[in-house]
Amino acid sequence: MPGTGSRDDDFTGFVLARSARLVHFARMLCGDLELAEDLVQNALEKAYLRWDRIELADPFAYVRQAVVNQHLSWLRRRPWRERPSGHASEIELFVDPVEPDQAGTVHRQVAVGAALAALSRRERAVVVLRYVEDLTERETAAVLGVAVGTVKSANARALDKLRAAPELTSVRGHA
């Protein structure tokens, strides 16, 4: 994509090609579509200002990192008792679109969304980066700015919580 046209054309091409995936990633991260769109918009604004430098590297990784940073920063600024307004049912997962059991698909989406919402922000970020974005432990640690051991322990805690989540107990029996 770099060098295919003017700076604005290159950036516009990137946004058109990758913004839906970025919004999906952000939505999985925060559980709220409107917040996800805001996080991506803010990250893209920052990326545009630095586009000449980042388009030669990996712009998707740069913007994904910015989304994670914005999300974690946003969570730190919020009062501890306030939760995102998104509902677990709004979280879209990668599911087979031709699956005949649409009710089962929706039930699984709601259950997984509710289970993810119960994780801490770090645990949720680790799970989304590792299993939605398919990053390695080392890559996840780099995105979050933590040690690999921190990723491993947060991932282990998150998976333990997900295995024990009552929302997922009924889903496991029907999968």
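Start with V63, V67 and V68: they have the most contacts inside the largest nonpolar core, a set of 45 residues. Such a core joins buried Ala, Val, Leu, Ile, Met, Phe, Trp, Tyr and Cys residues through side-chain atoms within 4.5 Å. Buried means under 20% relative accessible area, with a 1.4 Å probe and protein chains only.

This is a predicted model: local features need pLDDT of at least 70, side-chain atom pairs count only at pLDDT 80 or more, and totals for chains, interfaces and linings use all residues. Residues are numbered from 1 along each chain as its sequence is written, and side-chain values use heavy atoms, without hydrogens and water.

Next, select the helices (DSSP runs of H or I, at least four residues, numbered from the N terminus). Those giving two or more residues to the core include α1 (7–30), α4 (59–77) and α6 (121–132). α1 gives the most, with nine residues.

Zoom in on V63. Leaving out residues up to four places away in sequence, V63 touches F14, L22, A43, L44 and A47. Contact means heavy atoms within 4.5 Å.

Now show α1 with α6. Their axes (lines fitted to C-alpha atoms over the stretch in contact; angles run from 0 to 180 degrees between N-to-C directions) come within 8 Å and cross at roughly 145 degrees. F25, R27, M28, L29 and C30 in α1 meet R124, A125, V128, L129 and V132 in α6.

Last, color by pLDDT, the predictor's confidence in each residue, from 0 to 100. The chain mean is 79, and 74% of residues reach 70 or more. Select 79–99: there the pLDDT is below 50.

How values were computed:
Buried means under 20% relative accessible area, exposed over 50%, partly exposed in between (1.4 Å probe, protein chains only).
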